Amino acid sequence: MPRFDYAPAPESRAIVDIRPSYGLFVGGAFVEGHGTPFKTVNPATEEVLAEVAEADAADVDRAVKAARTAYTRVWSRTSGRDRGKWLFRIARILQERSREFAVLETLDNGKPIKESRDVDVPLAAAHFFYHAGWADKLGYAGLGGSPADPPRPLGVVGQIIPWNFPLLMLAWKIAPALACGNTVVLKPAETTPLTALLFAEVCEQAGLPPGVVNIVTGAGPTGQALVEHPGVDKIAFTGSTEVGKLIARAVAGTRTRLTLELGGKAANIVYADAALDQAVEGIVDGIFFNQGHVCCAGSRLLVQESIHDDLVRRLQRRLATLRVGDPMDKNTDLGAINSAAQLEKIRELADAGEAEGANRWSPACELSSRGYWFPPTVFTGVAQSHRIAQEEVFGPVLSVLTFRTPAEAVAKANNTPYGLSAGIWSEKGSRVLWTADRLRAGVVWANTFNRFDPTSPFGGYKESGYGREGGRHGLAAYVASEVGA
Ligand code: NAP
Ligand code: MG
């Protein structure tokens, strides 16, 4: 049979103007940092993209002071209606410059251009649109106060985000904080600072008052300086459970409020009556979207025993068609692993899966020798005690387990320290609802996976953290009079 292949369809990078070096964005201007500048690379090629300033504790202090000044002098006195106008303006600029953001995100992160173009950037803009709408309606949100006297903001918020969805996580943090009347100091991840710095330019372009948004770049120590700063009223953190625990300890006993969005080990449950080809698409989307660098990834596939062999066969056939390679090519499904350190972690856990006795399978695919790459990988014959069934791999690695009864599916799904998300595949609505009711997970998708919407709250149970982002519930984390939070 003739085999047709795709012609290369590379996106042009000409639209992005990457500067050789970047400072910190403090008080509405780019300023020098006093730490040691670091380089950010394109993980698909290891090419250095730019040198970025490192904020030390004094720089963080400066940023917090700029945010405080902006809060007391301007932002806390700005009406909800006017805050909403600025948020609308930011959302519109993100849309107007969407191609630029998508290309820059893909270069700095390694994710496929079709994902940054069709998911990350549109969702980031949607987050600003949605929260723009809330800014003058907070008194109706059921969070205390009244329409005439809406709930008060907290003040200065420190926000720390990971590298897997750099611009989108920025939007999840900054949009609700600003809508509620807070000012922010945000620290992006060390390996993906560039879209946050481009966002700083958007703030300038929108004429946002100086100091309302401040961006401090750096690694863990910069984040730690922000967490420990006494002038910060609230910390919002997205990242690993390990660092989340450190932060919870650091703010314990202080007046700093905290919300944590941490790791996950989601179960994707497929009942025997599910539409199998649709389920296969959902499984692929669940674990191979964004190279599996997704906190809510469906990394544990729980399959009803009677359909196990059939489903695995269909899945393998589908995976053989995935295109792994140049993230800038519009046909690419799986891009590069974000960093050498993450690649090492994925390799270690995958090797442990093999050593513990699970069966490892990957489709044939050629990986470039430059950059950081890992093939889509499926482990069958996984036991609940295996590390690949318990620990978050945060990479394109799926662990397949089986169950016989719905009760067993629920017990296995809940058998993890995490509780961020889950998926259920079945033709029968009552079975879906019965299962969803019993899953200890913040988000449960039925006959779909990895759907995001700014109106829908997102967050975890157990070691996946506390607090919600998005929707009316997400606003509660940014106002003083929380009700039922
Ligand atoms: P991470 O190591 O915890 O890093 C997250 C952020 O915290 C980064 O900006 C990091 O800086 C910073 N940081 C590191 N040490 C710190 C410290 N001691 N104090 C303050 N900040 C510190 O996590 P990651 O490996 O980058 O991200 C992957 C994790 O994030 C996964 O576990 C994933 O599940 C989770 N995640 C959760 C959600 C959610 O919504 N629940 C969403 C996305 C990701 P540097 O990286 O620059 O060093
Ligand atoms: Mg990078």
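How do the residues of the shell around ligand 1 divide into nonpolar, polar and charged? Keep that question in mind while we look at the overall layout of this predicted model.

Where the domains touch, domain 1 contributes 18 residues to the contact and domain 2 contributes 25 residues.

Now look at the side of domain 1 that touches domain 2. Helix 3 (98-109) and helix 4 (113-134) are the elements that each give two or more residues to this side. Helix 4 gives the most, with three residues. By kind, the residues of this side are five nonpolar, seven polar and six charged.

Next, find ligand 1. Both domain 1 and domain 2 give residues to its shell, so ligand 1 lies between them. In total, 29 residues surround the ligand, and the closest are Glu190, Gly220, Gly223, Gly239 and Cys295. Two helices each supply at least two residues of the shell: helix 7 (220-228) and helix 8 (241-251). Of the elements, helix 7 gives the most to this shell, with four residues.

That brings us back to the opening question. The shell around ligand 1 holds 14 nonpolar residues, 11 polar ones and four charged ones.

Methods. Residues numbered from 1 in each chain as written. Chains lettered and ligands numbered in written order. Predicted model: local features only at pLDDT ≥ 70, side-chain atom pairs only at ≥ 80, totals over all residues. Near = placed C-beta within 6 Å. Nonpolar A, V, L, I, M, F, W, Y, C, P; charged D, E, K, R; others polar. Domains from an automatic or database assignment. Contact = placed C-beta atoms within 7 Å.
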